[in-house]
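Visitor: Hello! Could you walk me through this structure, one feature at a time?

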Amino acid sequence: MSIGNIILALLVFSFIIIFHEFGHFIVAVKNGIHVIEFSLGMGPRIISWGKTANGHKLLFFKSDKFFSEHTEFENHTVYSWKILPLGGSCMMLGEEEEVKDERSFSTKSVFARMAVIFAGPFFNFILAFLLAIVLIGVYGYESPEVMEVTQGGAMEQAGVQVGDVITSINGTKIVLNGEIGYYKVFHPFTEEPMEITLNRGGKNVTVTATPQLVKNESGEEDYMLGFSYGKTVKPGALGIIKYSAYEVKYYIQTTVQSLVWMLRGKVSMKDISGPVGIVKVVSNNVEAGVDAGRDAKGNMTSDSVKNAIYSILVISILLTANLGVMNLIPIPALDGGRLLFLIIELIRRKPLPAKAEAYVNMAGFMLLMALMVVVLGSDIMKIVSEYTPSSK
């Protein structure tokens, strides 16, 4: 991982987080809620910028005590950049305690508060959609079109032809070629016959293919259908919107399915990545894209740049969709947990006791921090093991 790629990965990660927090911010402001501080990162402040009666001020390394002692910032939002690039926040008046002020979060209606909390994850989905529009508008989408059929393989025996477009597998709708790979991950092939629907020249054709036990690229035995697929297609304006929506839906579905697998114990710690692991994935994807576009002398070309941008867009869509889904999990300290409390308040027609909610949120926060430490340790160990020479 080069320093440049690490910085690039942090910028991507930071942009996704700030867009999430901007969702909270803009809906809070629209509902007349005062935002005390809007920040990128965690920990001590590096730079803060705020408006006062005497104009704007740029401040360096200021603590909470400084702002509590300088009341000229009270009625204005302070914008901060903090030292750890692993999060962000939109701190609102009355968010953590009841404050008797018409600008307070706690005085707004349940629906207004729900809108503010839901806005963060929703903006992640909006960002994923906007990035998908750029991706598909520039590069196109990958159609699940059959490009090659292995002689004597299951697909050839079923009558599948080059040019057929797969539209469903065992009743599961297929629109993008990536969905075929994820289908196999979540529904491993066996010797059981599979019903596959194809679009052949505008007509639907349904075939039955029985996977064969053969050696895969790693030399291990696996059940395979014996075909290759994936053709880049550049759609028109309406097609760009349509397939961008499918792209976002695809990533949301795979994230939800992955969470289900994790709860069922089918995903181990080595398969989970935190911020360090994410930075590594972004860096590796960019490097792979750049290397794939180099010329015979190893020099970067325009293809290197295109490949790198493509990799950044794909991983960004995945990350922002993932962040949106993860934040909607009904766990205390996450947006989903806060939404759950508000739904309970809506049903009870009165809020939960403030102390009880605070204790539950604190417990949830501590558990999340503990999980983050464990995942961070796992990320570091994976990187260390990757760069540690194996003994022979």
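Guide: Gladly, and let us begin with a hairpin: β9 and β10 form one, with five residues between them. This is a predicted model, where local features need pLDDT of at least 70, side-chain atom pairs count only at pLDDT 80 or more, and totals for chains, interfaces and linings use all residues. Residues are numbered from 1 along each chain as its sequence is written, and side-chain values use heavy atoms, leaving out hydrogens and water.

Visitor: Which residue in the turn has a positive phi?

Guide: Look at the turn of the β9 and β10 hairpin. The residue with a positive phi, about 85°, is Gly-219.

Visitor: Are α3 and α6 parallel, perpendicular or oblique to each other?

Guide: Helices are DSSP runs of H or I, at least four residues. Helix α3 (residues 110–139) and helix α6 (residues 237–263) pack with their axes 8 Å apart, at an angle of about 130° (from 0 to 180 degrees between N-to-C directions, with axes fitted to C-alpha atoms over the stretch in contact). Angles under 35 degrees count as roughly parallel, over 145 as roughly antiparallel, 65 to 115 as roughly perpendicular and the rest as oblique. Therefore α3 and α6 are oblique.

Visitor: How many helices and strands does the protein have?

Guide: Counting the secondary structure of the whole protein gives the answer. The total comes to 10 helices and 11 strands.

Notes. Helix = DSSP H or I, 4+ residues; strand = E, 2+ residues; numbered from the N terminus. Pairing = 2+ DSSP bridges.
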